[in-house]
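Biologist: Hi! Could you walk me through this one with me? I'll just ask things as they come up.

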Amino acid sequence: MRNINDFESRLAEMVNTATDSIRQRVAAAVAPAPNVQIPMPALEGLAKALVPFQSALERLDAMMPGNWKGERLDYADMVRLMQEGVPLAWVPPAGVIRQLLAAGDASSRSEVIDDCRLEILASCREALEAVSDARFTAQRALLEECVHMAERGMFSGTQALAANVWDTLVRGLAFANPAWLADEERWSYTKIKQRVPAVDDDDATFGELRTAAVFLPFAKTLDAFWRPRPVPGSFNRHATAHATGIIQYTAANATTALMLAVSVLREIDDQGYPVQIHA
């Protein structure tokens with residue numbers, strides 16, 4: 001794990017400690033060999049031994065984004081999907097996440113997003129309704145407008161506005177957290193890509209995953225492209241701003257942009273992150 005920001009370190013430390021403690025205690029107490037028939041009294045004793053761990057596991061589950069809780073999702077595959085630029089924290093619903101995980105490639109995932117658009121928009125609306133911090137009143141209202149537009153098929157407007165709200169939130173996080181910025185506190189998308197929380201390996205703890213989840217799509221979304229490179233087909237901040245046209249502006253990209261912005265807004269509201277946003 002790298003790039004845990006100061007405002008997240010306490011959360012990461014607390015959850016990582018709890019997760020590692022549970023892992024070590026279970027491994028030390030429970031190590032039956034494969035294909036060994038355990039007598040019923042031993043099984044009953046094992047069940048009793050695991051009772052103290054249950055409440056801790058439930059607390060860990062309760063700290064995850066709302067759409068993950070109790071769903072037994074494949075976190076390893078979710079990390080890879082989020083690193084491809086697909087937001088999964090807070091939105092979309094768990095059923096849609098499973099369909100996205102089952103899709104074989106980016107094109108198939110775009111089809112899932114298109115097919116499940118109404119479910120996704122409903123989850124975005126629900127997530128926005130839960131945002132209560134007065135600092136984000138304007139951003140919440142703008143994203144609610146995006147949901148309204150998307151429901152009526154106005155995808156270009158949805159994508160442009162959602163991308164700008166997302167960019168505003170990212171800048172607000174960065175200026176409140178100087179470790180994200182370049183030297184002398186100068187703005188740089190390149191530095192943002194390098195310094196936001198990320199998961200680097202396949203053995204991340206629950207705490208590391210929870211800390212980084214909402215930020216994992218940032219690097220892909222912030223990829224810059226320059227001629228003669230082709231316009232990217234997946235949602236991209238640079239292309240949305242500077243390559244308007246039928247390749248970048250699609251219904252699936254509009255929905256993805258909205259999910260990204262809603263995911264970040266819901267996360268910073270839920271965790272109380274410091275954010276500097278102009279009124």
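Biologist: Which residue just after H7 takes a positive phi?
Modeller: Gly 153 does, with a phi of about 80 degrees. Before we go on, this is a predicted model, so local features need pLDDT of at least 70 and side-chain atom pairs count only at pLDDT 80 or more, while totals for chains, interfaces and linings use all residues. Residues are numbered from 1 along each chain as its sequence is written, and side-chain values use heavy atoms, with hydrogens and water left out.

Biologist: Thanks! What does H7 span from its first C-alpha to its last?
Modeller: Helix H7 covers residues 137-151, 15 residues in total, and reaches 21 Å, close to the 21 Å expected at 1.5 Å a residue. Helices here are DSSP runs of H or I with at least four residues, numbered from the N terminus, and the expected span is 1.5 Å times one less than the number of residues.

Biologist: Which of its residues are buried?
Modeller: In H7 they are Gln 139, Leu 143, Cys 146, Val 147, Met 149 and Ala 150. They sit on the same side of H7, because they cover an arc of only 165 degrees around the axis. That arc is taken from the directions from the helix axis to the C-beta atoms. Buried means under 20% relative accessible area, exposed over 50%, and partly exposed in between, with a 1.4 Å probe and protein chains only.

Biologist: And what covers them?
Modeller: The cover includes helix H6 (117-129), helix H8 (155-176) and H13, with contact meaning heavy atoms within 4.5 Å.

Biologist: New topic: where are the cis peptide bonds you have for Pro 92 and Pro 228?
Modeller: One joins Val 91 and Pro 92, with omega about 0 degrees, and Pro 92 lies in the loop between helix H3 (75-83) and helix H4 (94-102). Another runs from Arg 227 to Pro 228, with omega near 10 degrees. Pro 228 is in the loop between helix H11 (218-221) and helix H12 (237-242). For context, most peptide bonds are trans, and most residues other than glycine have a negative phi.

Biologist: What is phi for Trp 90?
Modeller: Near 80 degrees, a positive value in a residue other than glycine. Trp 90 is in the loop between H3 and H4.

Biologist: Buried or exposed, that Trp 90?
Modeller: Trp 90 counts as buried, because its relative accessibility is 11%.

Biologist: How about Arg 72, buried or exposed?
Modeller: Arg 72 counts as exposed at 82% relative accessibility. Its phi is also positive, near 55 degrees, and Arg 72 is in the loop between helix H2 (40-62) and H3.

Methods
Helix = DSSP H or I, 4+ residues; strand = E, 2+ residues; numbered from the N terminus.
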